[in-house]
Amino acid sequence: CSRRRTAPACRSSSSRSSDSAHCEKQSSRMADVRSEPVGFIGLGIMGAGMAGVLAKTGRNLVVWNRSPEKSDALSAEFPGQITIAASAADVVKACGLTFSMLSTPAAAAAVFDAPEVGTLAGVSAGKIVVDCATLQEEDMQRMGAAVTAAGGKFLEAPVSGTKGPAATGTLIFMVTGDESAFTEATPEFEAMGKATHYLGADVGAATRMKLCVNMVMGVFMAGLGEGIHLAEKLDLEKAKLVEILTQGAMGCVLVNVKGPKCALEERNHAPNFPLKHAQKDVSFAIAAGQAAGANTMATAEATNKEMLKAMEMGFGDQDFSSVIEAVMDSQS
């Protein structure tokens, strides 16, 4: 399809240096913006940020969300650029390229399969559907086969990153599926992310990679929580532990961002990546490892147990950093 060249909107000078660097990178290469609208299904914690980033580059969008107020909010933020469709099928029918970002396997299946109004119902020859959710590989394979059978092209494209990177266009995409579709969608991946990894045509491989990534992240977060708990029990300053961690080999984004919040007496778990979704991903990783004959998944299984406990304590909708609450629980 035809495209026009336009520079993406830059963030203000008060933004963090990493955001400024990303903005400069975006400005230097210019955004390759298609003249026809891009479809977006699902405007939750992740989808709203991703769709917003596309709109900031000057793209017009056709969107649908299960709760219409999210679509209304995006339309109000970008007047004249957002068309709100009546169904997921209508989004796909109106766009050559459609992204979907839904929170759970149940939601993804319900929206994809809904008769007459679901994503699949809108697919025809040449339509490209990109699913960015974290599901199980058999879910992606089933959807991919269905889109292909309907004459369309399918990309599996789960992301690494939470609410902040989604809103700033600094996600990391792991992509498999039709290579020509990947080439066509690359400008949008580049607009929404700081890195895109094409892992080949084998749908399922990107999900397997994403589960490895999120399993490591979940285990790491649980370990950080145990470290903070241990510091408290040893009469050490929790904030000082975090400071020391940030200055050494452990000084990564997770420690830098989550550590200070978890070291507070009144811990802050405002959701960027809800615990219930992190637990889902860890459990999927455990199942995948067991199916593949992995020698051990002991640390992931221990993390999953702590996540489930924290969810039972009422933290499922809070950030996955709230796994620390299971460790801190006085009854444990």
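This is a predicted model: local features need pLDDT of at least 70, side-chain atom pairs count only at pLDDT 80 or more; totals for chains, interfaces and linings use all residues.
Residues are numbered from 1 along each chain as its sequence is written. Local features need pLDDT of at least 70 and side-chain atom pairs pLDDT 80 or more, while totals for chains, interfaces and linings use all residues, and side-chain values use heavy atoms, without hydrogens or water.

**Empty spaces**

Rolling a probe the size of a water molecule over the atoms shows where empty space is left. On a 1 Å grid over the protein atoms alone, a cavity is a set of points where a 1.4 Å probe fits but cannot get out, and a pocket is an open set with protein on both sides within 12 Å along at least five of seven lines; lining residues have an atom within 4 Å of a point. Points are joined across faces, edges and corners, and a volume is the space filled by probe spheres set on them.

A search of the whole structure turns up 1 cavity of 30 Å³ or more. Its lining is made of S100, L102, A108, F112, T119, V129, D131, M143 and F154. Two elements give two or more residues to that lining: α5 (105-113) and β7 (128-131). Helices (H or I, at least four residues) and strands (E, at least two) are DSSP runs, numbered from the N terminus.

The second largest pocket has 30 lining residues, and I45, M46, L102, S103 and H277 sit nearest its centre. Here β9 (159-160), α9 and α12 (275-292) each give two or more residues, with the largest share, 4 residues, coming from α12.

In the table, Ala, Val, Leu, Ile, Met, Phe, Trp, Tyr, Cys and Pro are nonpolar, Asp, Glu, Lys and Arg charged, and the others, Gly among them, polar.

| Space | Volume | Lining residues by class |
|---|---|---|
| Largest cavity | about 40 Å³ | 6 nonpolar, 2 polar, 1 charged |
| Second largest pocket | about 500 Å³ | 11 nonpolar, 13 polar, 6 charged |

Helix α2 (residues 47-56) packs against helix α8 (residues 179-192) at about 110°, with axes 9 Å apart. Axes are lines fitted to C-alpha atoms over the stretch in contact, and angles run from 0 to 180 degrees between N-to-C directions. That makes α2 roughly perpendicular (65 to 115 degrees) to α8. At the contact (heavy atoms within 4.5 Å), M50, V53 and L54 in α2 meet E188, A191 and M192 in α8.

**A leucine in α9**

L224 belongs to helix α9 (residues 205-233). Buried or exposed? L224 is buried (under 20% relative accessible area), at 6%. Leaving out residues up to four places away in sequence, L224 touches L245, L254, V255 and G259.

Notes:
Angles under 35 degrees count as roughly parallel, over 145 as roughly antiparallel, 65 to 115 as roughly perpendicular and the rest as oblique. Buried means under 20% relative accessible area, exposed over 50%, partly exposed in between (1.4 Å probe, protein chains only).
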